[in-house]
Every structure is written in C-alpha cells, then in structure tokens.
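Colleague: I would like a close look at one part of this protein, the packing of its helices against each other. Please set it in the context of the whole chain before going into detail.

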Amino acid sequence: MTIRVLIADDQMMVREGFSVLLNAMPDIEVVGEAVNGREAIERVRDLAPDVVLMDIRMPELNGIEATREIIASEGEAKVLVLTTFDLDEYVYQALRAGASGFLLKDASARQLADGVRVVASGEALLAPTVTRRLITEFSKLAQAPRLSAAAQAQQYGELTERETEVLVLIAQGLSNAEIASRLVVAESTIKTHVSRVLVKLGLRDRTQAAVFAYEARLVTPG
C-alpha cells in the first residue's frame, strides 16, 4: 500500500529534494507540496495525505500551529515535523500540537523514508538528539511523586492496571514487541491494550500517549 505524503516547507530546494528522495521509494508517493502552514492545511483537506512532512518555521502560519489545526480536523493525516533546530521548545510544542514524530533536516534519505513509514504505521518517531532534549524537558514536569498503579488507574481514564503499565512502557519508548517481551504476553495482546489506552484517554497515537504519561506524571524520566 503506497504511503501518500505532503511536503510543507517554504524552501523550494527542500521540497524538491525531499520529493525526489521519497518518490524514489516504491512504497511512497509525494502527492503535493505547500509553501506555508496555511496552504498545508488546505492541501491536507484537498489531498488527504497519510503523512505530512511539516517544517517548523514557515510564513503566514508556522508548522506547530498548522499541525494543531490539521490534527484538530480529525482527519487521518499524521504529521512528521522537520526542522534544522533541535530546540526543546520546538520538540515539546510540536508533540503537544499532535505531531507523531520529529526529525532533523540533516537526516539521510533512508532515515527520512523510514521516518515516513514509522509515522504512517502509527508509531512514534524522535531523532536521537531530540529524544535526549525531550527527556530533559519532561524532567521539568516531574515535580510530584509517581502515583501507585491503582491510583493511576482511578485518576486517569479508568485504565486497568495492565493498561496503565502498558502506557508507562510506551512512554519509555518501547515498541509493541518489546512490551510484549517485558510482560511475557503475545504482541497481539499488547496491540489490543494500546488501542484501548488510546480510546479511553481520547488520544490519537502512541506519541500523544507518551506525552500524556509524562505530563500526568505516570512516569518520570530516568
């Protein structure tokens, strides 16, 4: 199944370069481009892409605000934020706005294509340098002691203890396979738990689940 991609960046060379790289992949097709955040929103509405490669700094409407509006529209498009600047404020704001991933523009062609595939599949994507900064940012939120599993389940979305446990492991960056291995259950069982967590908490994807877990202090960086 071909992954449909929209590229939103105010620099023509960046758009053209990414288009060439991604269109060379057999499973990815660039279906459109946008030169600013406002046009990105309109193009998403018209083209219904699976993934939007979103630049942070654009005229008229920046990538963070555009991401927020695209996610609020409740469409199927997922946003992979691209930027030259691996600054804490951008990482955190982009994820809060609903981005499913974050990648620096100096990523290789393979990293870019893999990033699109990861985000399209519903997984989270954070560049390694960004991940370290993000953990530092989340650390600032960890002022209160972690709640017990029972208290967490009662206070946050009526999660079961196992669902809360899965949520914590998602926030720690584990994949479904790794969570299944840790809890000694089938991967299909973990997929079911993840789906229930997202539904109960009203969240879009695993990235939003991770943000929720840190902000709710269900887990602290360590």
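Modeller: This is a predicted model. Of the 222 residues in the protein, 48% are buried. The protein has 11 helices and six strands. Taking contacts between residues at least 6 apart in sequence, 65% link residues at least 24 apart.

Now the helix packing. Two packed helices are described by the angle between their axes and the distance between the axes. For helix H2 (residues 37-47) and helix H3 (residues 63-72), the angle is about 20 degrees and the axes lie 8 Å apart. Angles under 35 degrees count as roughly parallel, and H2 and H3 are therefore roughly parallel to each other. Their crossing is right-handed. On the H2 side the contact is formed by Gly37, Arg38, Ala40, Ile41 and Val44, and on the H3 side by Ala66, Glu69 and Ile70. By class, these residues of the H2 and H3 contact are five nonpolar, one polar and two charged.

H9 contributes Asn176, Ala177, Ile179, Ala180 and Leu183 to the contact, while H10 contributes Glu187, Ile190, Lys191 and Val194. The contact of H9 with H10 consists of six nonpolar, one polar and two charged residues.

Definitions and conventions. Residues numbered from 1 in each chain as written. Predicted model: local features only at pLDDT ≥ 70, side-chain atom pairs only at ≥ 80, totals over all residues. Heavy atoms only, no water. Axes fitted to C-alpha atoms, helices over the stretch in contact; angles between N-to-C directions. Helix = DSSP H or I, 4+ residues; strand = E, 2+ residues; numbered from the N terminus. Parallel < 35°, antiparallel > 145°, perpendicular 65-115°, else oblique. Left-handed = near helix turned anticlockwise from the far one by under 90°. Contact = heavy atoms within 4.5 Å. Nonpolar A, V, L, I, M, F, W, Y, C, P; charged D, E, K, R; others polar. Buried < 20%, exposed > 50% of the residue type's maximum accessible area, 1.4 Å probe, protein only.
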